[in-house]
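Here's a quick briefing to read alongside the model. Have a look at the fold first, and then we'll walk through it topic by topic.

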Amino acid sequence: MSTTQTERTAEELKALAEQAGRDLEDASALEILQWAADTFGKRFCVTSSMEDAVVAHLASRAMPGVDVVFLDTGYHFPETIGTRDAVDAVMDVNVITLTPRQTVAEQDAEYGPKLHDRDPDLCCKLRKVQPLEEGLKGYDAWATGLRRDESPTRANTPVVGWDEKRQKVKISPIARWTQDDVDAYVAEHGVLTNPLLMDGYASVGCAPCTRRVLEGEDARAGRWAGRAKTECGLHG
């Protein structure tokens, strides 16, 4: 595996992403991550919401010690923080926790309490989008756990694409997987998952904006329920 940190221009990275998206469409998740490790070395990381550690586990097989970036918004369920700590303890990864510029108390003082109820887009921007943009500055490519079957807004997710907003290569190695594929991988490899997934939650985000899903709902129906909002802005 190459870990050479080659400096590439945005144009070179975009061309690389578009070519890889075509070449790797039918590749396995592990092959996609091996390509990322070989291509970007230490300029590649995984982002994880700690809903489960499937992509982090896959990436650790391709690149032991890979950076796994976690956004601690200050609003997470205790189970999510516990999953992060367990991943850090037992997997061959380097967990990096990002935090917003303001604590929840500082944000409440400036914007008023429960901003997530009044303006969830702004709350996500302050507590997720901005910290991630800061945290990804040292990388050329990042991997996510996005899957096409999760919701209509994710149906066209490429396995490798170009993140125009951040000018980085965005890798979604399990984009073609189904929930059954995820469950099978978790069972085969004993991968850590958030305990809330066994308690009626199909997608785990910040506690104030996440509920259990009802039978027949898509996996992300429990996020920002009752609102038109379906994404936090990290992937928009």
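A quick term before we start: a contact here means heavy atoms within 4.5 Å. Keep in mind that this is a predicted model.

**The cores**

- Trp35 belongs to the largest nonpolar core, which has 44 residues.
- Along with Trp35, the members that touch the most others there are Phe40, Phe44, Val160, Val169 and Ile171.
- Helix α2, covering residues 29-40, is the top contributor to this core and puts in seven residues.
- There's also a second, separate core made of eight residues, with Leu71, Leu98, Leu136 and Tyr139 among them.

- Strand β4 (residues 141-143) runs parallel to β6, and three bridges join the two.
- In that pairing, alanine 141 sits opposite valine 169.
- Strand β5 (residues 160-163) runs antiparallel to β6, this time with four bridges.
- Here glycine 161 faces lysine 170.
- β5 and β6 make a hairpin with four residues between them, and glutamine 167 in the turn has a positive phi of about 60 degrees.

**A closer look at lysine 170**

- Is lysine 170 buried or exposed? Its relative accessibility is 13%, so it counts as buried, the cut-off being under 20%.
- From lysine 170 to arginine 101 is 69 residues in sequence and 24 Å in space, going C-alpha to C-alpha.

**The whole chain**

- For 236 residues, a compact globule would have a radius of gyration near 18 Å, so the chain's 17 Å agrees with that.
- Along the principal axes, the C-alpha atoms fill a box of roughly 45 × 40 × 35 Å.
- Buried residues make up 49% of the 236.
- Among contacts with a separation of 6 or more, 69% come from residues 24 or more positions apart.
- The chain exposes about 11,000 Å², with carbon and sulfur atoms supplying 50% of it.

Note on methods:
Residues are numbered from 1 along each chain as its sequence is written. This is a predicted model: local features need pLDDT of at least 70, side-chain atom pairs count only at pLDDT 80 or more; totals for chains, interfaces and linings use all residues. Side-chain values use heavy atoms; hydrogens and water are left out. A nonpolar core is a set of buried Ala, Val, Leu, Ile, Met, Phe, Trp, Tyr and Cys residues joined through side-chain atoms within 4.5 Å. Buried means under 20% relative accessible area, exposed over 50%, partly exposed in between (1.4 Å probe, protein chains only). Two strands pair if DSSP finds at least two bridges between them. The radius of gyration is taken over C-alpha atoms; the globule rule is 2.2 Å times the number of residues to the power 0.38. Accessible areas come from the Shrake-Rupley method with a 1.4 Å probe; for residues, only the protein chains shown count as cover.
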